[in-house]
Amino acid sequence: MTVQELNTEFDVPDILFYNDSHGLVCAELSNAGSKAVIALHGAHLMSYVPKGQRDVLWMSGKSYFAAGKPIRGGIPVCWPWFGGHPSDPAMPSHGFARLAEWEVIAAGKHEGATFIELVLTPGLIPEKFRNGDFLVKLRVELGGKLSAALIIDNTDVGELAFSAALHSYFNISEIADIAVSGLDGKTFIDTLDDTLHVQKGDIGFTAETDLVYLDTEGACIIDDPGFGRRIRIAKCGSRSTVVWNPWKAKSVRMPDFGDEEYHSMVCVETTNAETDARILAPGESHTLQVIIESETQD
Ligand code: BG6
């Protein structure tokens, strides 16, 4: 559908479909002075600006915005696998959901929030990725907070096994100055050397960080004194959390990531990863949800 057709079909106050400067079809959601932008490419949230604040989500200045390529920044939807494919190294990192063009199925207002729902079905992905039936939706709600819920329905006659992430990139003042709390006492896998540890206190950053925290259902907070704000990341349907910053050397290796951009971002990812991967019986459904809120400390 063209943006004109989308604006006619989903004629909702506070939602505008448009082509962005990269040619992506996007929807801008507004609510009481807050704004969020989602691209249909990957059902990818690219911006969340609470009223009077700077963007809570980080986007790379080097991102691709092209068919079949993932967007760098925002909230990539990683599904049906997180990280490398479980058995086929030729498959793309973090699944095919973030590479596909999703379709809009609903948009409107609900209890004061502005919402949109996008859907992914096997018909929207290339043949090489098809392996059974599914119905996956991303429902985004913008009110006083931003919620993104990935709703996975197994519509196949066999089991649906997957891992997943709402791989959220946050916009911060300086990685060396922030702290992430909410994971004290939790066991984590350091994926850089595949070792197990237990978190003591808050997380600070002095080097490349790529950690999968296990048995985590509570909220995390990014305390950012430089921007004078605290970003709270709550979740449902997730018992694992990934914390990632590539630091310098990995930034240089990634073609779609600026060499110095690691200073201004941190990923705190709401996941179904490692021991938290899921298997749905036919007819079963699972929802992975992140709820983001940002408070300034003026
Ligand atoms: C993180 C992983 O979730 O995503 C990292 O823990 C990975 O290992 C990062 O480098 C980015 O992945 P990609 O595929 O978007 O470059």
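Residues are numbered from 1 along each chain as its sequence is written, and side-chain values use heavy atoms, with hydrogens and water left out. Because the model is predicted, local features need pLDDT of at least 70 and side-chain atom pairs count only at pLDDT 80 or more, while totals for chains, interfaces and linings use all residues.

Q: Why is Asn 272 called buried?
A: Buried means under 20% relative accessible area, exposed means over 50%, and partly exposed lies in between, with a 1.4 Å probe and protein chains only. Asn 272 has a relative accessible area of 0%, so Asn 272 is buried. This residue lies in strand E20, residues 265–272, where strands (E, at least two residues) and helices (H or I, at least four) are DSSP runs numbered from the N terminus.

Q: What makes the pairing of the side chains of Asn 272 and His 286 a polar contact?
A: A polar contact is a pair of N or O atoms within 3.5 Å; within protein, one must be able to donate a hydrogen and the other to accept it, and residues adjacent in sequence count only if both atoms are side-chain atoms. The side chains of Asn 272 and His 286 are joined at 3.0 Å, and the side chain of Asn 272 also makes a polar contact with the side chain of Asp 276, at 3.2 Å.

Q: Which residues does Asn 272 touch, not counting residues up to four places away in sequence?
A: Contact means heavy atoms within 4.5 Å, and the residues that Asn 272 touches on this count include Phe 162, Gly 237, Arg 278, His 286 and Leu 288.

Q: What makes the salt bridge between Glu 293 and Lys 145 a tie between parts of the chain?
A: The closest N and O atoms of Glu 293 and Lys 145 are 3.9 Å apart. Glu 293 lies in strand E22 (residues 285–296) and Lys 145 in the loop between strand E8 (135–142) and strand E9 (146–153), so the pair ties together parts that are 148 residues apart in sequence. Glu 293 is partly exposed at 22%, and Lys 145 is partly exposed at 39%.

Q: How do you know that E1 and strand E2 pair?
A: Two strands pair if DSSP finds at least two bridges between them. E1 and strand E2 (residues 25–31) have five bridges in the antiparallel sense, so they meet that condition.

Key:
A salt bridge is a side-chain nitrogen of Lys or Arg within 4 Å of a carboxyl oxygen of Asp or Glu.
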